[in-house]
Amino acid sequence: MKRAFVFLVGVAACGQQFDERIRTETEAIKARLVENRRELARHPELSNKEVWTGKYIADRLRQLGFEDIRTGVALNGVVAVLKGGKPGPVVAWRADMDGLPVQDAGSKPYKSQNEGVKHACGHDAHMAIALGVAEVLSKMKADLPGSVKFIFQPAEEGPPEGEAGGAALMIKEGVLDNPKPQAIFGLHVWAQAPSGKIHYVPGAALASAESFTMTVKGKRVHAATPHLGIDPIVIAAQCITAMQTIRSRRVDPFDPIVLTFGKIEGGNRNNIIPELVTMEGTLRTLDEQVRESAHTMMKQTLAGCVSASGAQGELKWGSIQYPVTFNDPELTTSNLAGLQRVMGKDNVVLSRPTLGGEDFAFYQKVIPGFFWFLGINNPSNTGAHHTAEFDVDESVLPLGVRAAATQLMDYLSRGR
């Protein structure tokens, strides 16, 4: 017991010793953090098209002296390993790279220069923070007790239909091998949390997320004689309404689930009942059994709706299907101390899960992972994620670097 106590005290002291160095090195690169974030914000690229972004990241890493750099992973991803001067474990840090098909409504000097594409979810900030962590830790390389694998991942928002991409393809192409990390960390800037706050959730933190397409096939006819046809528009409306009873009447109220229809399309003229209506949506859950049950109930509900009217129906699941983002409870708990030292204990907040989805979950299926949220909301910056008004409070970038670098250093120090 005494030896264990001495060891833990030694690890804590080691972590605190590095805290001041991390703070000093971060202060020295504050301007570069903003510069990197703004340059990435000016040149957003869609999923699986991050060619310029991948080159920018690789060039910056080479400037930092990284030699072990792999490009073109999962099309445009970049992986770099920082080997410390002391023996120890391997840990990974992941940042996502892709933008969204959103027109930038901003007027600031870092407004997107790519028409119809914007970093509307903060991935530019994630990359800038990861580059900052890479720079800070590279200056402490001689004292780094192990290695850090930096993963810059394309297509987090989901590859185009019919294409492979994102975390799943990164893993398939060996991103978690040679060397294999013992754990992986990542963050997401969060517009719903005040700037300077970190939110975390042990266990299920973000929902499984999957897309679906539902079709109703009827019989085309003149609108003046509906009795001679089968109206798929009316059936689709009934189907959408019936689907909502899955959540309200067939799932335990204590089990979170979201079933949303985001698109409906059918018909081409006001006086023609069309043959086909197509609906698209998303299903979100925090439990695999609830997810499987929802699949069954959706299929049953669609079959009931169409059979009652003599129509035909089909349910297809899309290529974007993310598991639950599950923070390993032990890893989460053991890494809170470093975050609290950087942010202050009151600014590290135990939160509740969100039904947003993240393909960081795929890494957590292979190794333990901890994914947390960095608040960016202040009175002048209130744009929601995935909107034209979204922006990042750049004052939090150094906090993100310090928190992430401290977390990685603490983990490696404990591993020794």
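## A tour of pockets and cores

By class, 15 nonpolar, 16 polar and 10 charged residues make up the lining of the largest pocket (Ala, Val, Leu, Ile, Met, Phe, Trp, Tyr, Cys and Pro count as nonpolar, Asp, Glu, Lys and Arg as charged, the others, Gly among them, as polar). The model is predicted: local features need pLDDT of at least 70 and side-chain atom pairs pLDDT 80 or more, while totals for chains, interfaces and linings use all residues. Numbering runs from 1 along each chain as its sequence is written, and side-chain values use heavy atoms, without hydrogens and water.

Select L100, E157, R284, I320 and H386 to begin: of the 41 lining residues, these lie nearest the centre of the largest pocket. A pocket here is an open set of points on a 1 Å grid over the protein atoms alone, where a 1.4 Å probe fits, with protein on both sides within 12 Å along at least five of seven lines; lining residues have an atom within 4 Å of a point. This pocket holds about 1,100 Å³ of space.

Next, pick D104, G106, K118, F390 and D391, nearest the centre of the second largest pocket among its 17 lining residues. Its volume is about 210 Å³, and its lining has 5 nonpolar, 4 polar and 8 charged residues.

Now go to the largest nonpolar core, with 60 residues, where L137, F150, F152 and W372 have the most contacts. Such a core joins buried (under 20% relative accessible area, 1.4 Å probe, protein chains only) Ala, Val, Leu, Ile, Met, Phe, Trp, Tyr and Cys residues through side-chain atoms within 4.5 Å. Finish with M214, I246, I257 and L302, which belong to a second, separate core of 23 residues.

Technical notes
Points joined across faces, edges and corners; volume = space filled by probe spheres on them. Buried < 20%, exposed > 50% of the residue type's maximum accessible area, 1.4 Å probe, protein only.
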